Amino acid sequence: GSEVARETYIARGGAPERIRGIPYGVDTRQFVPAERPSSGGETLQALFVGNVSVRKGCRYLIEAVRSLPNVRLTLVGGIEDRRLLDGAGPNVSWRPPVAHRDLPRFFREADVYVFPSLFEGSSLSIYEALASGLPIVTTRESGSVVRDGVEGFVVPAHDTTAVAERLDCLSRDAALRMRLGLQARERAERHTWNTYYGHITDLILSLQ
């Protein structure tokens with residue numbers, strides 16, 4: 001599902017010519033941008049969806065938000081170890097897992113999506129955030145189709161400071177958030193599930 005995953009297979013002995021990369025997709029009818037005014041100088045609403053764990057970079061994300069009083073972070077998903085939330089501060093809240101059909105509401109209520117994973121095949125939640133028209137802060141290791149400076153920002157893994165700097169930048173620049181968000185939606189529309197199925201079909205036919 002991503003170049004990162006492909007590199008992992010090759011590093012473990014896979015033949016490069018036998019490994020094809022096909023990005024995943026998203027339902028662009030289920031996940032849509034919210035109709036809301038810019039949040040201007042108010043608190044930036046940041047969202048993370050997934051297993052709250054060390055592997056997904058939540059330690060670095062929580063540390064970053066702790067230093068940003070103008071950012072409020074909502075974590076939605078199961079939690080690996082509640083000690084990850086120790087000392088998180090009042091601007092970090094955790095919500096247990098919700099049904100997938102209820103996720104679009106959380107994306108619509110957010111201003112930015114953050115997913116600083118340390119290792120991933122390709123995070124579906126990032127596709128959902130793109131379709132929801134959210135700027136993204138993520139890592140190359142997330143395996144996403146986000147392009148640095150186009151739909152959001154790609155920061156180094158394990159880098160609390162980089163996450164904090166990008167969130168702070170987005171919190172202060174409503175015009176930047178709007179531009180990245182519009183481009184995020186456009187990116188998602190090129191990565192629907194129908195597009196994914198078409199690529200899979202083309203691959204199978206090419207092998208016959």
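In this predicted model, helix α4 lies across β1, β4 and β5 and runs at about 165 degrees to β4, where contact denotes heavy atoms within 4.5 Å and angles, taken between N-to-C directions of lines fitted to C-alpha atoms (for helices over the stretch in contact), run from 0 to 180 degrees. Helix α5 also packs on the sheet, touching β1, β2 (71-76), β4, β5 and β6, and its direction makes about 165 degrees with that of β6. Helices (H or I, at least four residues) and strands (E, at least two) are DSSP runs numbered from the N terminus. Residues are numbered from 1 along each chain as its sequence is written, and side-chain values use heavy atoms, with hydrogens and water left out. Local features need pLDDT of at least 70 and side-chain atom pairs count only at pLDDT 80 or more, whereas totals for chains, interfaces and linings use all residues.

The sheet itself is open and consists of six strands in the order β3-β2-β1-β4-β5-β6, with parallel pairing; two strands are taken to pair if DSSP finds at least two bridges between them. Strands β3 (92-95) and β6 (152-155) stand at the edges with a single partner strand each, so one side of each has no neighbour in the sheet. The twist from one strand to the next averages 20 degrees. Between β4 and β5 the parallel pairing extends over three bridges, and Val114 stands opposite Val137 in β5.

Helix α4 (residues 124-131) is mostly covered, seven of its eight residues being buried, that is, under 20% relative accessible area with a 1.4 Å probe and protein chains only, as against over 50% for exposed and in between for partly exposed. The cover over these buried residues includes β1, α3 (103-108), β4 (112-115), β5 (136-139) and α6. Just after α4, Gly133 takes a positive phi of about 75 degrees.

Thr28, in the loop between α1 (3-11) and β1 (44-49), is likewise buried, with a relative accessible area of 16%. Leaving aside neighbours within four places in sequence, Thr28 is in contact with Ala131, Arg185, Ala188, Glu189 and Thr192. Thr28 and Glu128 are 100 residues apart in sequence but 8.0 Å apart in space, C-alpha to C-alpha.

Helices α5 (residues 160-172) and α6 (residues 174-189) pack at an angle of about 105 degrees with their axes 5 Å apart, and are therefore roughly perpendicular to each other, a description applied to angles of 65 to 115 degrees, with those under 35 counted as roughly parallel, those over 145 as roughly antiparallel and the rest as oblique. Cys169, Leu170, Ser171 and Arg172 in α5 meet Ala174, Leu176, Arg177 and Leu180 in α6.
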